[in-house]
Amino acid sequence: MQGLFVVVEGPEGAGKTTLVEGLAGRLREAGHRVLEVREPGGTETAEAARALVLDPDKQWSPAAELFLILAARAELVQQVIGPHLDEGGWVVLSDRFELSTEAYQIAGRGLPREEVLAANRLATGGLGPDLTLVLDIPPEIGRERQGAQGKSPDRMEQEDAALHDRVARAFREAGGPGVVHLDATVPAERLESDAWEVLSARLDGTQ
Ligand code: T5A
């Protein structure tokens with residue numbers, strides 16, 4: 001089997017991290033080698049960029065925010081994701097990737113699409129997911145779930161509801177090769193089994 005790059009995407013509090021953990025467990029039980037990463041993050045320098053970009057006490061222009069995220073992505077792809085996929089046999093599961101840039105920096109912040117996509121290509125060297133699972137959820141339900149966790153909001157979570165509505169719409173309308181939408185308003189166990197159905201079919205090569 002060649003390496004398979006799978007990304008879980010969606011608005012804040014949609015259940016991405018919970019789903020990535022659940023799918024990683026199922027994949028390991030099925031005998032697959034799995035690498036779990038999150039974006040931004042996944043290397044020492046990418047985690048440093050994440051801390052800067054999500055720090056609620058810092059202010060960044062939209063372009064500076066983009067470049068911090070892409071700096072983190074370039075490191076993660078070059079140092080971690082690329083080498084694992086090159087080895088073959090690995091399933092890489094990422095909590096967010098480039099669709100988040102389309103949703104937050106292009107739809108949310110209003111940065112110009114073509115320039116952002118070109119900069120992203122430079123950061124990734126053209127590497128993109130084979131399968132993107134988009135968790136569909138109204139932003140207010142995601143916010144409620146996050147609120148119930150009692151964590152203090154990061155810089156993105158403090159943005160106004162209008163930005164999060166644009167982000168959520170971009171995720172809802174996302175399409176193209178390898179993009180599959182899942183209803184994330186259902187209980188976590190149900191979402192995991194729906195996602196597993198899609199992923200295992202992809203692994204079997206039947207989709
Ligand atoms: N960013 C990122 C950009 O702006 N551009 C980019 O290009 C990239 C890559 C990253 C931030 O960076 C920004 C976007 C983000 O603001 P993050 O922590 O990865 O931050 O993203 P969040 O969405 O903030 O992560 P969360 O951890 O808050 O949300 P998750 O991962 O979607 O949700 P999860 O699994 O942690 O679950 C949240 C709560 O809901 C419960 C869980 O138990 C938990 O309490 N839950 C459910 N409850 C009911 N039903 C279900 N199905 C549930 N699934 C989980």
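Trainee: What makes helix α1 oblique to helix α8?
Mentor: Helix α1 (residues 16-29) and helix α8 (residues 188-203) pack at an angle of about 50°, with axes 10 Å apart. Angles under 35 degrees count as roughly parallel, over 145 as roughly antiparallel, 65 to 115 as roughly perpendicular and the rest as oblique. The angle of about 50° therefore makes α1 oblique to α8. The model is a predicted one, where local features need pLDDT of at least 70, side-chain atom pairs count only at pLDDT 80 or more, and totals for chains, interfaces and linings use all residues. Residues are numbered from 1 along each chain as its sequence is written, and side-chain values use heavy atoms, leaving out hydrogens and water.

Trainee: Which residues of α1 and α8 meet?
Mentor: Contact means heavy atoms within 4.5 Å. In α1, Thr18, Leu19, Gly22, Leu23, Arg26 and Leu27 meet Ala188, Leu191, Glu192, Ser193, Ala195, Trp196, Leu199 and Leu203 of α8. By class, the contact of α1 with α8 has 9 nonpolar, 3 polar and 2 charged residues.

Trainee: Why are α3 and α4 called roughly antiparallel?
Mentor: The axes of helix α3 (residues 62-87) and α4 cross at roughly 175° and come within 12 Å. With that angle, α3 and α4 are therefore roughly antiparallel to each other. Glu65, Leu66, Ile69 and Arg73 in α3 meet Glu98, Thr101 and Gln105 in α4.

Trainee: How many aromatic pairs does the structure hold?
Mentor: There are 2 aromatic pairs. In one of them, phenylalanine 5 and phenylalanine 97 are 5.0 Å centre to centre with 80° between the planes, an edge-to-face pair. Rings of Phe, Tyr and Trp (its six-membered ring) pair if their centres lie within 6.5 Å; planes under 30 degrees apart count as stacked, over 60 as edge-to-face and the rest as tilted. Phenylalanine 5 is in strand β1 and phenylalanine 97 in the loop between β3 and α4, 92 residues apart.

Trainee: Why does phenylalanine 5 count as buried?
Mentor: Buried means under 20% relative accessible area, exposed over 50%, partly exposed in between (1.4 Å probe, protein chains only). Phenylalanine 5 has 0% relative accessibility, so it counts as buried. Phenylalanine 97, at 0%, counts as buried too.

Trainee: What makes the pair of tyrosine 104 and phenylalanine 171 edge-to-face?
Mentor: Their ring centres are 6.2 Å apart and their planes are at 75°, so the pair is edge-to-face. Tyrosine 104 lies in helix α4 and phenylalanine 171 in helix α7 (residues 161-173), so the pair ties together parts 67 residues apart in sequence. Tyrosine 104 counts as buried at 5% relative accessibility, and phenylalanine 171 counts as buried at 1%.

Conventions
Axes fitted to C-alpha atoms, helices over the stretch in contact; angles between N-to-C directions. Helix = DSSP H or I, 4+ residues; strand = E, 2+ residues; numbered from the N terminus. Nonpolar A, V, L, I, M, F, W, Y, C, P; charged D, E, K, R; others polar.
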